[in-house]
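Open the model in your viewer and keep the selection tool at hand. The tour below goes stop by stop.

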Amino acid sequence: MRKAQCMAWLFLLLFSQARALNAAEYAVGADLSFLKQAEDKGKVFKDGGVAKPGLEIFKDHGYNWIRLRLFHTPTDLPNNLDYTIALAKSAKQLGFRFLLDYHYSDTWADPGKQFIPKAWEGMTHPQLVKAVFEYTKQTTAAFRDAGVLPDMVQIGNEITNGMMWPDGRLPGNWNNFAELVNAGIAGVEAGKGPEARPRIMIHIDRGGDKVRTKEFFDKLNSYRVNYDVIGQSYYPWWHGSLNDLRENMVFMAKEYKKDIIVVEAAYNWTPTEYKKQPGPFPESPEGQKEFLEGVNRVVQETPDGLGKGIFWWEPAVAGPLGSRGFFDEGGNALPVISTFDKFTRH
């Protein structure tokens with residue numbers, strides 16, 4: 001009996017290690033949180049003139065990760081729990097790995113706004129910590145029960161200035177903020193059941209800013225937060241040049257020795273951000289592809305192999321942000337879709 005128990009324990013250990021190694025492979029990723037909504041409304045995406053489900057187009061071009069955001073109780077946006085589980089199921093059926101992005105808000109959370117969910121308004125700090133734990137536990141368990149436990153989880157979105165304001169706003173409330181982050185991580189652990197814990201990402205918006213990156217992660221690490229991956233946003237009109245990104249990637253790799261993912265990046269295929277001054281690349285279909293190739297080179301050249309991937313932010317979105325997408329007004333795939341073909345095709 002004891003020998004059988006030892007063999008079972010060894011099998012579980014090896015399975016967990018294999019899952020962790022797989023999760024650490026290079027991520028060719030896309031945040032496709034609006035994809036299901038677009039297709040449900042009748043949007044048709046085409047590759048080479050042939051209509052296909054959007055997820056299949058990305059899979060055909062080497063994409064292996066999908067990132068999906070989750071809002072607590074959204075009113076104007078689709079990204080609630082049921083919607084996100086349904087999209088995660090479609091992605092998992094095609095073999096995608098899945099990064100879940102907790103916003104801990106009913107709407108967009110970013111460095112300029114971190115609105116607390118309406119359901120949590122008026123809570124004391126201890127009540128809020130408990131709410132974060134319970135909510136994260138329950139939703140993680142819901143993904144697990146649906147057969148789509150995430151491979152990686154972000155605790156908050158672009159949390160350079162904290163989250164769940166005013167309680168966890170930085171720089172004034174680091175103790176509160178660290179407790180909220182730890183409550184989210186503990187919730188993932190509690191909700192995963194017997195499976196290996198998803199890798200934990202901490203995501204800030206300072207891709208080209210070594211100084212602010214160091215300030216944030218030095219302080220975070222002083223609280224001994226148990227995370228696995230550093231996530232950075234990188235939009236050149238906000239976050240600096242490719243050389244700034246390269247310098248920061250080298251710094252993070254040498255200083256923190258953790259996996260690093262550029263988890264949000266984008267560039268426009270039609271003039272948008274650089275109408276009054278020249279950009280680093282032309283805002284054209286060809287320039288958009290050149291940008292992604294450039295960012296990918298920087299990530300892959302990160303010391304010690306710690307650059308672990310890149311995610312494009314919303315390549316299948318309509319409306320005002322469509323100029324950052326991978327498809328023209330007619331739904332036809334742009335040249336950028338083929339960036340990773342040479343890396344992923346045999």
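This is a predicted model: local features need pLDDT of at least 70, side-chain atom pairs count only at pLDDT 80 or more; totals for chains, interfaces and linings use all residues.

Residues are numbered from 1 along each chain as its sequence is written, and side-chain values use heavy atoms, without hydrogens and water.

**Rings.** The structure holds 36 aromatic pairs (Phe, Tyr or six-membered Trp rings with centres within 6.5 Å). Select Tyr 102 and Tyr 104. Their ring centres are 5.2 Å apart and their planes at 15 degrees, so the pair is stacked (planes under 30 degrees apart).

**Charges over rings.** Here NZ of Lys or CZ of Arg must be within 6 Å of the ring centre and within 35 degrees of the ring normal. Select Arg 69: it lies over the face of Phe 34, 4.4 Å from the ring centre. Next, select Lys 258, whose charged end sits over the ring of Tyr 227, 4.4 Å from its centre.

**Helix pair.** Show α5 (residues 125–145) and α6 (residues 174–191). Their axes, lines fitted to C-alpha atoms over the stretch in contact, are 7 Å apart at about 30 degrees. The two helices are therefore roughly parallel (under 35 degrees).

**Leu 292.** Find Leu 292 in helix α10 (residues 285–300). Leu 292 is buried, with a relative accessible area of 2%. Phe 340 is 48 residues away in sequence, but 9.5 Å from Leu 292, C-alpha to C-alpha.

Definitions and conventions: Rings of Phe, Tyr and Trp (its six-membered ring) pair if their centres lie within 6.5 Å; planes under 30 degrees apart count as stacked, over 60 as edge-to-face and the rest as tilted. Axes are lines fitted to C-alpha atoms, for helices over the stretch in contact, and angles run from 0 to 180 degrees between N-to-C directions. Helices (H or I, at least four residues) and strands (E, at least two) are DSSP runs, numbered from the N terminus. Angles under 35 degrees count as roughly parallel, over 145 as roughly antiparallel, 65 to 115 as roughly perpendicular and the rest as oblique. Buried means under 20% relative accessible area, exposed over 50%, partly exposed in between (1.4 Å probe, protein chains only).
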